[in-house]
Amino acid sequence: MVKQVIKVLMAIIIVVICGMVGLLVANNFKLRPWQLRQIQTSLQLLETEIAYAQTPLPEAFSRISQQVENPVSKLYSTSARLLNTRKSCNLQESWQQGLTELMSEGALIENDIAILKVLGFNLGSTDKEEQIKHLRLAKEQLKQQELAAEEEKTKGERLWRYCGFLTGLIIVILIL
């Protein structure tokens, strides 16, 4: 009797754990398009700061970090903090460090980050008009990434949600 109860509890635990893993992976499919939209919004804000307010980039980064949500805000807050506190850190280095933090906490893939890396090399090193052109190009490229991420989300989210629980059931069937 006790063995049967333990088997049932173990089976439930296995199914729940596998299901949770599937839900976590499915959640990344949902987060990536949302984060890409957040980045596009932040780049629009940055364009406004550069084009109209003519705000210095460290101050613009600080303002933007307060207007977008995590983990995108970390890109800007890290960049602003490094630019304000470390005199030896240039804009590109601070941007790259912010991207590292964004990638470690976000659901973005390498192609998404590559677009932002290229943008980072052009921020602060060209005139206002060129920076605006680079920002618009990056937004357009990120929009394409968002469309692809939405397609992946539709397929991957459902797949992983079901696969997690089904894998748990298969493991339980094989064990019993």
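Predicted model: local features only at pLDDT ≥ 70, side-chain atom pairs only at ≥ 80, totals over all residues.
Good morning. Let me begin with a term: a residue is called buried when its relative accessible area is under 20%, exposed when that area is over 50%, and partly exposed in between. Arg-37, with a relative accessible area of 34%, is therefore partly exposed.

I turn to the overall architecture. The chain contains six helices and zero strands. Read from the N terminus, its elements follow the order α-α-α-α-α-α. How far does the C-alpha trace extend along its principal axes? The spans are about 75 × 35 × 20 Å. The radius of gyration of the chain is 22 Å, whereas a compact globule of 176 residues would have one near 16 Å. Among contacts with a separation of 6 or more, 68% come from residues 24 or more positions apart.

As for the surface, 40% of the 176 residues count as buried. The chain exposes about 10300 Å², and 61% of that area is supplied by carbon and sulfur atoms.

Next, the interior. In soluble globular proteins, nonpolar side chains tend to be buried together. In this model, the largest nonpolar core has 31 residues, and those touching the most other members are Leu-43, Leu-46, Phe-61, Trp-95, Leu-102, Leu-116 and Leu-123. Two or more residues of this core come from each of helix 1 (2–53), helix 2 (57–65), helix 3 (72–85), helix 4 (91–105), helix 5 (110–122) and helix 6 (128–175). Which helix gives the most to this core? That is helix 1, with six residues.

Which residues does Phe-61 contact, once its neighbours within four places in sequence are set aside? They are Leu-46, Tyr-76, Ser-79, Ala-80, Leu-83, Leu-91, Trp-95 and Leu-123. Of these partners, Leu-46, Trp-95 and Leu-123 are also listed among the core residues that touch the most other members.

I now come to the charged residues. The structure holds 13 salt bridges. In one of them, Arg-37 pairs with Glu-146, and their closest N and O atoms are 3.1 Å apart. This pair connects distant parts of the chain, since Arg-37 lies in helix 1 and Glu-146 in helix 6, 109 residues apart. Is Glu-146 buried or exposed? Its relative accessibility is 6%, under the 20% limit, so Glu-146 counts as buried.

Arg-37 also meets the side chain of Glu-150 in a salt bridge, at 3.0 Å from N to O. Because Glu-150 lies in helix 6 and Arg-37 in helix 1, this pair ties together parts that are 113 residues apart in sequence. Glu-150 has a relative accessible area of 25% and is therefore partly exposed.

A further salt bridge joins Lys-117 and Glu-110, with the closest N and O atoms 3.8 Å apart. Lys-117 counts as partly exposed at 31% relative accessibility, and Glu-110 likewise counts as partly exposed, at 43%. Elsewhere, salt bridges with shared partners join Arg-37, Lys-143, Glu-146 and Glu-150 into one network.

Key:
Residues numbered from 1 in each chain as written. Heavy atoms only, no water. Core = buried A, V, L, I, M, F, W, Y, C linked by side-chain atoms within 4.5 Å. Buried < 20%, exposed > 50% of the residue type's maximum accessible area, 1.4 Å probe, protein only. Helix = DSSP H or I, 4+ residues; strand = E, 2+ residues; numbered from the N terminus. Contact = heavy atoms within 4.5 Å. Salt bridge = Lys/Arg side-chain N within 4 Å of Asp/Glu carboxyl O. Rg over C-alpha atoms; globule rule 2.2 N^0.38 Å. Areas by Shrake-Rupley, 256 points an atom, 1.4 Å probe, with all protein chains shown as cover.
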